[in-house]
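Have the structure open while you read.

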Amino acid sequence: MKRVVLAGLFIIIIGCFLTACKFQDNIKTKEEAEGAVSGTFRGEAKEQEEYILVEVMLQKNQISHIEILKHNETPGFEKAMTQLIDDIVAKNSIEVDAVSGATKTSKRFLKAVENAITAAGITSKDLPPIEELSNKADEKSSKIDCDILIIGAGGAGLSAAIEARSEGDDRVVLLEKMSFGGGNTRMSGGEYAAPGNWVQTSLGIEDSEDLFFKDIYEGGNKKGNKDLINIVVQNALPNAYWLRDFVGVEYKDYQSWYGGHTVSRTLWPVGDGPKYVDTLIDKAVELGANIHYNTRAEEFIVNEEGKVIGVRAKRSGKIIEYIAEKGVILATGGFGANVEMRMKYDTRWNGLDESIPTTNSPAIVGDGLIMAEKAGANFIGLGDIQLYPINNPATGNYYFMDYARLNSNALLVNKNGKRFVDEKDTRDRLSNAMLKQPDAKVYELIDSQVIQDMKLELLYENEIVKCYEQGVLVRGSLQDCCDYFDLPLEKVKKTINRFNSFAEKGKDEDFGRTKNLEKIGDDTYYMFSCIVSVHHTMGGVEIDTHARVIGKDGKPIKGLYAAGEVTGGIHGENRLGSLSMPDTVTFGRIAAQSAKTMK
Ligand code: ADP
């Protein structure tokens, strides 16, 4: 399952642009002749309990990077801040629109950036508009040569870069359109499903590749490509060791379970997605890969033989041509944050318009698919868009507290106080069932025993505080919970009694739930409201087992490889939780090996 940044921490350290460069407090080198300022400057914005601390990097009055050092905004709102960073860097201006739904956070963030600029001894008026800068810059587009060019520094792109630099001396360049790497992988928990993993072994959980295959295939409604699934199945465990022992990802000593998996087999990195991504970035950079941030790939460069030999990209309004001797790897992620594309391709949900939020990074808008279409790539399963069921209506992002439902016992009830689903079902079926409930809104109920056993208050204290403020969470007696959300108390009581009778019998006669079929207690509860969000796009470019992109004529497009969410075919109609990491790592590595060795 992909999860938002934070994991109980207030401090987030967003992936380091120029990783080798350590930011220091307000250091500046004045370009006296031009009267322009270069250096890094800190700015803070405080408002009652809220605060944001940023570091702004200026290069001759041009904002080249903004790093969020600390904040205590709502989990999920860092997405709004990263979108603002992108806009500010692209325009070299703080006159950018607030992100809708996060206006207060946007204002605070812009204030923090403005304060950093003031600390540099200039004002926002001294920032030349980007058009002016690009006019001043070399009129001609510049050209950069490399051996392997990777587009997108997310989970797949970074795995490809590490693999490509692990052996040999290929010049590896990664293009990343944001000012930091990570995409949806950074937003996630970094969870990694691997059958036979070391935590399973220590717990005596039996698992096998066959069982893993069956879960993935059936989870995708038997629509996934068996050859591609097999590749993931066979490589999941070796790549978990690769991540741990070669890349340096640290894993927790417990694991997790997600809907559709027959057994618990999901490893969980310390520090979730953010630390996972930063570890990958550090390794890629240590091995000599070059990451070009704020550089957006726009179109492939194709030679007269139809071979993809590079891309045309844009940075600060300037076109740069990247030419790759050996191959180009597309790793730009999916299109969950692109409402237009969702509306165009969705075949299942009957309209995924802007009223349905997304758990995705704002960067995940299908750029790679648009580029690949022009290059003649074939697409698979674009209509299969995954919704995630249990999200906070105030942010559109997951609840960490939902860990209780996944790994222990919780009930989901609708506005009429009724259960409507097996709470342990796949995210696909849960979302489907949720959309059919009144107002497509449901409520998760967790009893005090589970709260205690799962240490929810300790683990998710920050989330809980935020959720109270947002008015999406209540703690108290059943009466308190029902009053708060205006649910019919007697009906909820009846629902609990019925469920408890199933728990006693060991049979859920309504929805067939088998996992954690345990009684719900009767003293104090947590209840929070939930809506669905767009989470993952299963479809994308067709690839073969070598990660070569297949063209509309059924043949590989020379020079072009792809990995990760930009590809289609692996997860069929539904991706199970914690399969994104084994997929991105496996095909990222294969794409790099293919680009190195294939013609
Ligand atoms: P995956 O899980 O498939 O690796 P992610 O969402 O983790 O996908 O990462 C995709 C990355 O690609 C993100 O960091 C995103 O900013 C980047 N990206 C998307 N489009 C472009 C583009 N046109 N040029 C450069 N980088 C891009």
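Which elements each supply at least two residues of the lining of the second largest pocket? They're helix 1 (78–91), strand 10 and strand 11 (308–315). Keep in mind that this is a predicted model.

- Helix 1 is the top contributor here, giving five residues to the lining.
- Sort the lining of this pocket by class and you get seven nonpolar, five polar and seven charged residues.

**What touches the ligand**
- There are 25 residues around the ligand, and those that come nearest are Ala156, Glu176, Asn184, Thr185 and Glu565.
- Glu176 uses its side chain: an N or O atom there is 2.5 Å from an oxygen atom of the ligand.
- Ala156 works through its backbone instead, with an N or O atom 2.8 Å from a ligand oxygen.
- Lys177 has a polar backbone atom 3.1 Å from a nitrogen atom of the ligand.
- On its own, the ligand has 580 Å² of accessible area, and the protein covers 100% of that.

**Where the ligand shell comes from**
- Helix 4 (155–166), helix 5 (183–187) and strand 10 (296–302) are the elements that give two or more residues to the shell.
- Helix 5 has the largest share of the shell, at three residues.
- Class by class, the shell holds 12 polar, eight nonpolar and five charged residues.

**The largest cavity**
- The structure has seven cavities of 30 Å³ or more, and the largest of the cavities holds about 350 Å³ of space.
- The largest cavity is lined by 31 residues, and Gly152, Ala331, Thr332, Gly333 and Ile364 are the closest to its centre.
- Helix 4, helix 5, strand 10 and helix 19 (580–597) each put at least two residues into this lining.
- Helix 5 again supplies the largest share, with three residues of the cavity lining.
- The cavity lining splits into 11 nonpolar, 14 polar and six charged residues.

**Putting it together**
- Helix 5 is another one to highlight, with the largest share of both the ligand shell and the lining of the largest cavity.

Terms used: Residues numbered from 1 in each chain as written. Predicted model: local features only at pLDDT ≥ 70, side-chain atom pairs only at ≥ 80, totals over all residues. Heavy atoms only, no water. Near = heavy atom within 4 Å. Polar contact = N/O pair within 3.5 Å; in protein donor to acceptor, adjacent residues only side chain to side chain. Areas by Shrake-Rupley, 256 points an atom, 1.4 Å probe, with all protein chains shown as cover. Helix = DSSP H or I, 4+ residues; strand = E, 2+ residues; numbered from the N terminus. Nonpolar A, V, L, I, M, F, W, Y, C, P; charged D, E, K, R; others polar. 1 Å grid on protein atoms, 1.4 Å probe; cavity = no way out; pocket = protein on both sides within 12 Å on 5 of 7 lines; lining within 4 Å. Points joined across faces, edges and corners; volume = space filled by probe spheres on them.
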